[in-house]
Amino acid sequence: MCGIIACIGSDDAVGELLTGLENLEYRGYDSAGIAVQNGHGIAVRKKAGKISELKGAIAADVPDGSVGIGHTRWSTHGPPTDENAHPHTSQSEGVAVVHNGIIENYEVVRSRLMEEGYVFTSETDTEVIPHLIDHYMDQGDDVETAFERAIDDLDGSYAVALMVDGTDTVYAARQDSPLVVGVDDSGPETRYYLASDVPAFLEFTDRVMYLEDGDVARVTTDGIDVHDADGPVQRPIETVEWNAEETGKGQYEHYMLKEIHTQPEALRGTLSGRIEDGDVTLEEFPEGTFEGIEQVHLVACGTSFHAAKCGARQLVRAGIPASTFRASEYHDLQPVDERTLVVAVTQSGETADTLSALRRAEEAGASTVALTNVVGSTVSREADDTLYIRAGPEIGVAATKTFTSQVAALTLLTHRLAADLERGTVREDAAEFLAELEALPDRIEDLLGRTRASDVSESNMGRDAYFFIGRDFEYPVALEGALKFKEITYEHAEGFASGELKHGPLALVTPDATIFALLTGDRGEETRKNAEEARTRGARVIAVAPEGMDVGEMADDVLRVPDTHPDLAGLLANVQLQLVSYHTAYGLGREIDKPRNLAKSVTVE
Ligand code: M6R
C-alpha cells in the first residue's frame, strides 16, 4: 500500500532508489517517482504506471545526486496519473515529500491552505504536507520545526520522508505506517536508507533500525537522530536474517511460482526446533503465558483469515472455544476480556484492519499474540507476544507459502494451548500427528515433483465460473483456492462448504462451470457426493483426491495428493490449487505477481 524509500550518502542515488522501488513494487504499482539533490535544486521525475515506465522516462536524462527519495503508489486519493504520482513538492520547490498512508483531515487542511493562496497540482491527500511545511517556513520556522508542526497538524496514518533543497538531510516521521532505517557501515562512509520495508534495501545492507509510532528522524551522512514527543530516543540497530538472494526470483519466472516451490523450505523454517520428542516447544511463550485463558479469537484478513479458520477448527477440536473474525468486522461481536486470547494472524504484520482489531482487543483487556512473518512489524511490537512463522520473505501479492506456514504455526500453538489450558485436551494421536507434520515438507516436495496442475489448468481455460468445495479443514482451503484463483486470474471463482451447495449455489452450476472438489481429509467422501450432485447438473468436476482414492466416474480429471494425516491433507490439496491458479493466470497472460488493483500490504482500513 505505497512504498517509500530514501537514500543518504549514496554514490548513485537514482540507481539505488530505483532498485529500492523495484523491491517495494509489491506494495503498489499505480505510479512511481523519485527526487534527488543534484546541486541545482531538487530534480523530480515521476510517471503513472509501473517502475519500468519511470525508468524508461528518465533513461535519456538521469539526474545525478547522493541524496534522494522515492515512491511507488497504490492510489487512494486521486487516480493513477503523472500529477498524482509522488514525490510532491512545495510551491517554492524547496522541499519534496513521499508519503505512505492516509491523511484523514486533508480536505480541511487543503481548504485552509488554498485560502492562503497555495496552489495544488494534484488530487492527493499527500500534497498538503509540502505546502504546510512551506507555510510554517514562511512564518520563520526552520525546516525541522516546520516539518514537525506540519506532522502535528495531520490526522491519520503516515510514513513520510522529506528532502530539503541544498542539504544532504532527509527528515522522516511515522504514525501507524511502517518505516525502517537501513545502516550500511561496511565502507569508509556510512550510508543510510529509509524504507517502508526491509527488502527495499536488503541488497545494500542487512542492518536495520525499526522506528516506532511518533518517531521523527533526521538522517544525514553524519548519522541519525531520532526523537519522539518526549525527547531524543535510541532505537537499536539489528541485523536481519533475510538476505537479498531470498528476496530475488531466482530461477523462477514469477515470485509466486518461486514461493509455491519453496514451501518445503519455508515450512521447515516454521517447524524447526519447535517439535521435540513428540511434543511442541514454543520458547516464545514462557510457562504461565496463557494462564486464565478461556477462549481464543483469531482475527485476520484474506488468506490469513483462511489460515485462521484452520487454526480455530483445530482449537475447537482440542476443547478450546475458538472463533475467527474478519478483522474489519471485529466490532462488538463477542464479549472480549482478560480471559480471551486474541491471535492476530497477518503475514505482513502491517494490515490496518488487523491492527485495529488487535488494538480494540487490547483496550478490552484481552491477551494478544501476533502470528506474523515479518520481524519487527507493527503487529509484533503491539501484541503481548509474537509467534513468527519464519517462512522467509514473500514478495508475490498472492500469499502462498505463508498460508502453509501460518496453518503449521497455528497447529503448534493449538498443541501448546491444549497442553496449557484447563479445558484443553492434547490429541490422542499427538506423536503420530506431529511426526506427519514434520514430514509435510517432504510430502510437498513429492507433490511438486509430479503435479499435473498445468495440464488440468489448460483443459479448464475459458469456463464461465470456477467453484471450490470442501468440508472440515478443506472448507477454508476451498475458500483460499477461490480467493487465489480470482485474485490472479480475474475469473469468477467462489469457495463453498460443500454441504452448502444444495442450499443455493447449485443454481449457479451449469455445464460451463468447473468445480474443484477437495476429497482429502476425514470428510472427503461426503464432498464427493456433493460433487456428484454438481456433475449431474453438467458441471465439469476436478477431484483433488488422496493417492489411493478411486474417484471412478465422478470426476473429469484428478489432482493427486500424497498420503498424510487426514487433518494435514488440506494443506497439500491447497498446493495443487495454488498451482492451478498460477497456470491459469499464466495461460491468460495475467500480471501474476502484481494483480490489478491489489497490493501486498494493505495499510489502509
Ligand atoms: O499481511 P496480511 O496477511 O495481513 O494480509 C492479509 C490479506 O491482505 C492478504 O492475505 C491478501 O488476501 C492476499 N493478497 C491473498 O493472496
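Predicted model: local features only at pLDDT ≥ 70, side-chain atom pairs only at ≥ 80, totals over all residues.
The domain assignment of the protein divides the chain into domain 1 (3–239), domain 2 (265–447) and domain 3 (451–588). Between the centres of domain 1 and domain 3, taken over C-alpha atoms, the distance is 45 Å.

Domain 2 (265–447) and domain 3 (451–588) both contribute residues to the shell around the ligand, so the ligand lies between them. Two helices, α8 (302–317) and α14 (474–489), each provide at least two residues of this shell. Of the 15 residues around the ligand, those that come nearest are Ser304, Thr346, Ser348, Thr351 and Glu487. By residue type, the shell consists of six nonpolar, seven polar and two charged residues.

An N or O atom in the side chain of Thr346 is 2.7 Å from an oxygen atom of the ligand. A polar backbone atom of Val397 is 3.0 Å from a nitrogen atom of the ligand, and a polar backbone atom of Ala399 is 2.9 Å from an oxygen atom of the ligand. On its own the ligand has 410 Å² of accessible area, and the protein covers 91% of this.

In domain 1 (3–239), helix α4 (residues 128–138) is mostly covered, with nine of its 11 residues buried. The buried residues of α4 are Val128, Ile129, Pro130, His131, Leu132, Ile133, Asp134, His135 and Tyr136. Their packing partners include two helices, α3 (106–115) and α5 (143–152). The strands β5 (88–89), β6 (95–103) and β7 (156–164) also pack against the buried residues of α4. Just after α4, Gly140 adopts a positive phi of about 105°.

Val108 is located in helix α3. Val108 has a relative accessible area of 61%, and therefore counts as exposed, the cut-off being over 50%. By contrast, Val128 is among the buried residues of α4. Val108 and Val128 are separated by 20 residues in sequence, and their C-alpha atoms are 9.9 Å apart in space.

A cis peptide bond is found between His86 and Pro87, with omega about -5°. Pro87 belongs to the loop between β4 (67–73) and β5.

Asp215 is situated in the loop between β11 (207–210) and β12 (216–220). Because its relative accessibility is 1%, and buried means under 20%, Asp215 counts as buried. The side chain of Asp215 reaches the backbone nitrogen of Glu212 at 2.7 Å. The side chain of Asp215 also forms a polar contact with the side chain of Arg235, at 2.8 Å. When neighbours within four places in sequence are left aside, Asp215 is in contact with Ala172, Ala173 and Arg174, with Val226, His227 and Asp228, and with Val233 and Arg235.

Gly570 is part of helix α16 (residues 569–587). Since its relative accessibility is 2%, Gly570 counts as buried. Not counting residues up to four places away in sequence, Gly570 touches Glu474, Val477 and Thr520. Gly570 and Leu24 are 546 residues apart in sequence, and the distance between their C-alpha atoms is 32 Å.

Two residues other than glycine with positive phi are also described, Tyr490 and Asn597. For Tyr490, phi is near 65°. Tyr490 occupies the loop between α14 and β24 (493–497), and α14 is one of the helices that supply residues to the shell around the ligand. For Asn597, phi is near 70°. Asn597 is located in the segment after α16, the helix that contains Gly570. The relative accessibility of Asn597 is 61%, so Asn597 counts as exposed.

Definitions and conventions:
Residues numbered from 1 in each chain as written. Heavy atoms only, no water. Domains from an automatic or database assignment. Helix = DSSP H or I, 4+ residues; strand = E, 2+ residues; numbered from the N terminus. Buried < 20%, exposed > 50% of the residue type's maximum accessible area, 1.4 Å probe, protein only. Polar contact = N/O pair within 3.5 Å; in protein donor to acceptor, adjacent residues only side chain to side chain. Contact = heavy atoms within 4.5 Å. Near = heavy atom within 4 Å. Areas by Shrake-Rupley, 256 points an atom, 1.4 Å probe, with all protein chains shown as cover. Nonpolar A, V, L, I, M, F, W, Y, C, P; charged D, E, K, R; others polar.
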